[in-house]
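Dear colleague,

I am passing on the structure below, and I would be glad if you could read my notes beside it.

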Amino acid sequence: RLSSGPRPNELGITEGHIALAVELDAPQGGTGNVQPGDSISVFATYQNVQALAGLTRQSIRNPSATNTRKVDLPDFTVTLIPTVKVLRIQNPEVDTETGQQNDSDRIRITLDLLPEDAQNLVFAQENGLVWLGLLPPDEEGTQPDASTVPLDLLIGARLG
């Protein structure tokens, strides 16, 4: 530490990546099962989303144009980041008497992200619900289509 050279990369951030820390409730953050060095998938659920229908460029420039209408989209969940490495995590404290974790505590996790993934995660954290999924060792996550509850299931549930 007395060297005048460059500071070492203590977290192990990959070149060209960004270390981004987020805070999640225990269930959304893996309830203490995620550890540094693990690979995880990051999911985001968006609710109450509206899309602008009409001429896209004109709609974006002038959302109140007469040829523009807002369309409510159903809630949906996406795989935001299929695979990302955990650099650091602060899991909930364990009660020494019971051996149980306090699920009401928040998890603080630092991830090794590409810049665009970091940007998408910040947006999701501000505008949606974020969940983490622990991946098996040496496995990559997948990018399935966004999922929603089918409309006929919702109608059937209301009518049935």
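Predicted model: local features only at pLDDT ≥ 70, side-chain atom pairs only at ≥ 80, totals over all residues.

Residues are numbered from 1 along each chain as its sequence is written, and side-chain values use heavy atoms, with hydrogens and water left out.

Strand E6 (residues 106-113) has 6 of its 8 residues buried, so it is largely enclosed by the rest of the structure; buried means under 20% relative accessible area and exposed over 50%, with a 1.4 Å probe and protein chains only. Strands (E, at least two residues) and helices (H or I, at least four) are DSSP runs numbered from the N terminus, and two strands pair if DSSP finds at least two bridges between them. E6 pairs in the antiparallel sense with strand E1 (residues 18-25) over 8 bridges, where isoleucine 18 has leucine 113 as its bridge partner. Strand E5 (residues 76-90) also runs antiparallel to E6, joined to it by 5 bridges, and there valine 86 is partnered with leucine 111.

In helix H2 (residues 115-127), the residues Asp117, Ala118, Leu121 and Ala124 are buried. Seen down the axis of H2, the buried residues fall within an arc of 125° (taken from the directions from the helix axis to the C-beta atoms), so they line one face of the helix. The face turned away from that buried side carries the exposed residues Gln119 and Glu126.

With best regards

Conventions: Expected span 1.5 Å × (residues − 1).
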